[in-house]
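Student: I have a model open and would like to learn how to read it, one feature at a time. Could you walk me through it?

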Amino acid sequence: MTGEKPKNKEFEKLFSEVQQLRKRLLTTIASHKIFDQFNKIVATNVVGKRKAEKNAKVFSNYVYFFSTTKEATRCYFLIELAKFFDTPKSRNETRSIYWVLDYAKKNIHRLTKEDFLVYHDERQIIPEIFASYKQFEASDLKKFQKRLERNKDVIKRLKIYRDQYLAHDDIKKITVKLTVREMEILLHIVKDVIKLFYNKLDFASNSYKNFEEEPVREIDRLVKNLAEHEKQRLEEIRQKYAVK
């Protein structure tokens, strides 16, 4: 229609890329929770000695499935986490938090409050709530650049581990040490970057509750069901052969 302002391609492209990052983040979070729960349910200091031994027995009954699945979730989590910190190559674009931060910095003049309203022209936004909206500022991006700089050594080690141990199997590997705490810090950086962009580009918040809680419940339910099935199987054997 005459008089309508066209939506700028920079705003649209950036939001599209951030949505793709969020989609990847969901499965990354789930894989992290699954691997973590595999460790917790056999840890005596977490679930107690009796329950830990019971769960370990279930694992031993399905050792190939559980050992493979546990290793798969560990590798998947680390590979996906590393991908968020890949730096854009000179000729090929790489979807990562570096890319979205750099793209936002270069196009910040196209990410204004007015651009937001044009992009969401068909969306009903309550004026009283929207009054708190603030457009992108250079300071928003600088905060993350500082966090990335503080953690550049961890990011470097994660990339080396991904490249030499997971994506490839280098004969001459560099010894790499990574801690759970360091990986959680990087994961929080990714979450916070996506949180910022969803607030500025969609004026929305993110919840990862299902992907953080459901995988844990499903693992617990799976192990419990397998334990009950084994108990029933043994009972049937005792009855069949009159074993006391």
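Predicted model: local features only at pLDDT ≥ 70, side-chain atom pairs only at ≥ 80, totals over all residues.

Student: Where is N55, and which residues does N55 contact beyond its neighbours within four places in sequence?

Tutor: Contact means heavy atoms within 4.5 Å. N55 sits in helix α3, residues 49–61. Setting aside neighbours within four places in sequence, N55 is in contact with I41, V42 and V223.

Student: How many helices and strands does the protein chain have?

Tutor: Helices (H or I, at least four residues) and strands (E, at least two) are DSSP runs, numbered from the N terminus. The protein chain has 11 helices and 0 strands. The radius of gyration is 24 Å, well over the 18 Å that the globule rule gives for 244 residues, so the protein chain is more spread out than a compact globule. That radius is taken over C-alpha atoms, and the globule rule is 2.2 Å times the number of residues to the power 0.38. Along the principal axes, the C-alpha trace spans about 85 × 50 × 30 Å.

Student: What do burial and contacts look like for the whole chain?

Tutor: Of the 244 residues in the protein chain, 38% are buried. Among contacts with a separation of 6 or more, 75% are between residues 24 or more positions apart.

Student: How many positive and negative side chains are there?

Tutor: For this count, Lys and Arg are positive and Asp and Glu negative, while His and the chain ends are not counted. The place of a charge is NZ of Lys, CZ of Arg, CG of Asp or CD of Glu. The protein chain has 52 positive and 36 negative side chains, and the centres of the two sets lie 5 Å apart.

Student: Now the rings. How should I read an aromatic pair?

Tutor: Rings of Phe, Tyr and Trp (its six-membered ring) pair if their centres lie within 6.5 Å; planes under 30 degrees apart count as stacked, over 60 as edge-to-face and the rest as tilted. The count comes to 16 aromatic pairs. In one of them, the ring centres of F15 and Y119 are 6.0 Å apart and the planes are at 85 degrees, so the pair is edge-to-face. F15 lies in helix α1 (residues 9–40) and Y119 in helix α6 (residues 113–119), so the pair ties together parts that are 104 residues apart in sequence. F15 counts as buried, at 4% relative accessibility.

Student: Are F116 and F130 stacked or edge-to-face?

Tutor: F116 and F130 are stacked, at 5.4 Å centre to centre with 20 degrees between the planes. F116 lies in helix α6 and F130 in helix α7 (residues 127–130), so this pair ties together parts that are 14 residues apart in sequence. Both F116 and F130 are buried.

Student: Which residues form one aromatic cluster?

Tutor: F11, F15, F116, Y119, F130, Y133, Y198 and F203 form one. Take a look at F203, in the loop between α10 (180–202) and α11 (209–241). F203 has a positive phi of about 50 degrees although it is not a glycine. With a relative accessible area of 18%, F203 is buried.

Student: Is R157 buried or exposed?

Tutor: R157 is buried, with a relative accessible area of 19%. R157 is found in helix α9, residues 152–166. Leaving aside neighbours within four places in sequence, R157 contacts V176, K177, L178 and E182.

Student: And is K9 buried or exposed?

Tutor: K9 is exposed, with a relative accessible area of 64%. K9 is in helix α1 and touches Y103 and R110, not counting residues up to four places away in sequence.

Methods:
Residues numbered from 1 in each chain as written. Heavy atoms only, no water. Buried < 20%, exposed > 50% of the residue type's maximum accessible area, 1.4 Å probe, protein only.
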